[in-house]
Amino acid sequence: MKKENVTVRNGKIILNTKRLDQAVNDEKNEKKRWYSAGFIDTLGKFSQAYGRFEMRAKLPTIKNKSRGIWPAFWLRADNPSNGGEIDILEAYGTPDAVNGFDPAGRSQGTLHYTQDGENWTMTSKFTPKRIDLNDGEFHTWTLEWTPEKITFLVDGQAYHTVKKTDDPRWKKAFGSGDPYSIRLNVQVGSKYWGTPNPTDTADRTDYVVDYVRVWKYRG
């Protein structure tokens with residue numbers, strides 16, 4: 001992640017990915033990285049429990065030219081003992097064939113109750129096929145979070161709702177009143193959706209964010 005991968009132009013935030021002239025060593029994962037990327041977050045600046053969270057953006061997941069590109073819009077708890085995570089948007093470029101699923105044109109909304117191993121994902125759902133999120137236009141991703149339920153929406157259409165009665169872990173993760181901060185980022189390469197290469201990944205992609213807005217929950 002590099003600062004220069006986040007810019008502001010014409011009132012919009014752009015998080016870009018860029019192919020490097022020379023690969024850098026990724027000692028943590030014992031491999032080389034050929035792409036830089038960026039992120040921004042509100043940790044220590046703004047956090048909130050409950051309410052409506054919305055982003056309007058264009059995705060960088062260019063069809064057939066974005067293998068390994070992984071943009072996200074998500075919330076995480078300020079309280080380190082709270083393992084809750086709300087992924088309002090995750091989208092994926094051309095995937096590895098081993099997945100057997102092409103996510104092109106769609107994004108995924110996910111809740112994590114904990115961060116403690118393989119069973120951390122509580123529930124997840126992709127946006128409807130009829131909405132093409134890779135059409136080069138701006139789209140909106142919205143989360144409506146109350147003490148009773150969480151609803152995911154895309155372009156104003158609800159497509160996934162999870163209620164507090166669906167899982168006993170809800171109270172600690174999403175019903176405790178713990179505030180959550182916001183993070184926008186784009187990663188390049190993952191074991192889930194594939195690693196980039198010069199043929200299937202554009203030298204540069206742009207994740208263009210028009211706005212992020214938050215409304216308070218008033219009961």
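How do the residues of the lining of the second largest pocket divide into nonpolar, polar and charged? The answer is given under point 2, after a word on the model itself.

1. Basis of the note. This is a predicted model, in which local features need pLDDT of at least 70 and side-chain atom pairs count only at pLDDT 80 or more, while totals for chains, interfaces and linings use all residues. Residues are numbered from 1 along each chain as its sequence is written, and side-chain values use heavy atoms, with hydrogens and water left out.

2. The second largest pocket. The lining of this pocket divides into four nonpolar, three polar and four charged residues. Here Ala, Val, Leu, Ile, Met, Phe, Trp, Tyr, Cys and Pro count as nonpolar, Asp, Glu, Lys and Arg as charged, and the others, Gly among them, as polar. About 200 Å³ of space lies in the second largest pocket. Of its eleven lining residues, the closest to the centre are Lys32, Arg33, Trp34, Thr195 and Pro196. Strand β3 (residues 31–36) gives the largest share of the lining, five residues. A pocket, on a 1 Å grid over the protein atoms alone, is an open set of points where a 1.4 Å probe fits, with protein on both sides within 12 Å along at least five of seven lines; lining residues have an atom within 4 Å of a point. Grid points are joined across faces, edges and corners, and a volume is the space filled by probe spheres set on the points. Strands (E, at least two residues) are DSSP runs, numbered from the N terminus.

3. Side chains of opposite charge can pair when their charged atoms come close. A search of the whole structure finds nine salt bridges, each being a side-chain nitrogen of Lys or Arg within 4 Å of a carboxyl oxygen of Asp or Glu. In one of them, the side chains of Arg76 and Asp41 meet at 3.2 Å, N to O. This pair links distant parts of the chain, for Arg76 is in strand β6 (residues 69–77) and Asp41 in strand β4 (residues 39–41), 35 residues apart. Arg76 is partly exposed, with a relative accessible area of 23%, and Asp41 is partly exposed at 23%. The terms used here are buried for under 20% relative accessible area, exposed for over 50% and partly exposed in between (1.4 Å probe, protein chains only). A further salt bridge joins the side chains of Arg52 and Glu144 at 2.4 Å, N to O. Arg52 lies in strand β5 (residues 51–58) and Glu144 in strand β10 (residues 139–145), so this pair ties together parts that are 92 residues apart in sequence.

4. Arg204 is partly exposed at 37%, and Asp206 is partly exposed at 26%. Salt bridges that share partners join Lys12, Arg56 and Asp210 into one network.

5. Where does His139 lie? His139 lies in strand β10 and is buried, with a relative accessible area of 7%. A polar atom of the His139 side chain lies 3.3 Å from the backbone oxygen of Asp132. Arg106 belongs to the loop between β7 (85–91) and β8 (107–112) and is buried at 14%. The side chain of Arg106 reaches the backbone oxygen of Thr127 at 2.8 Å. Asn185, in strand β13 (residues 180–188), is buried at 4%. A polar contact of 2.6 Å joins the side chains of Asn185 and Trp74; a polar contact is a pair of N or O atoms within 3.5 Å, where, within protein, one must be able to donate a hydrogen and the other to accept it, and residues adjacent in sequence count only if both atoms are side-chain atoms.

6. Positive phi angles. Most residues other than glycine have a negative phi. Asn10, although not a glycine, has a positive phi of about 55°. The place of Asn10 is the loop between β1 (6–9) and β2 (12–26), and Asn10 is exposed at 72%. Asn64, also not a glycine, has a positive phi of about 70°. Asn64 is found in the loop between β5 and β6 and counts as exposed at 52% relative accessibility.

Technical notes. Helix = DSSP H or I, 4+ residues; strand = E, 2+ residues; numbered from the N terminus.
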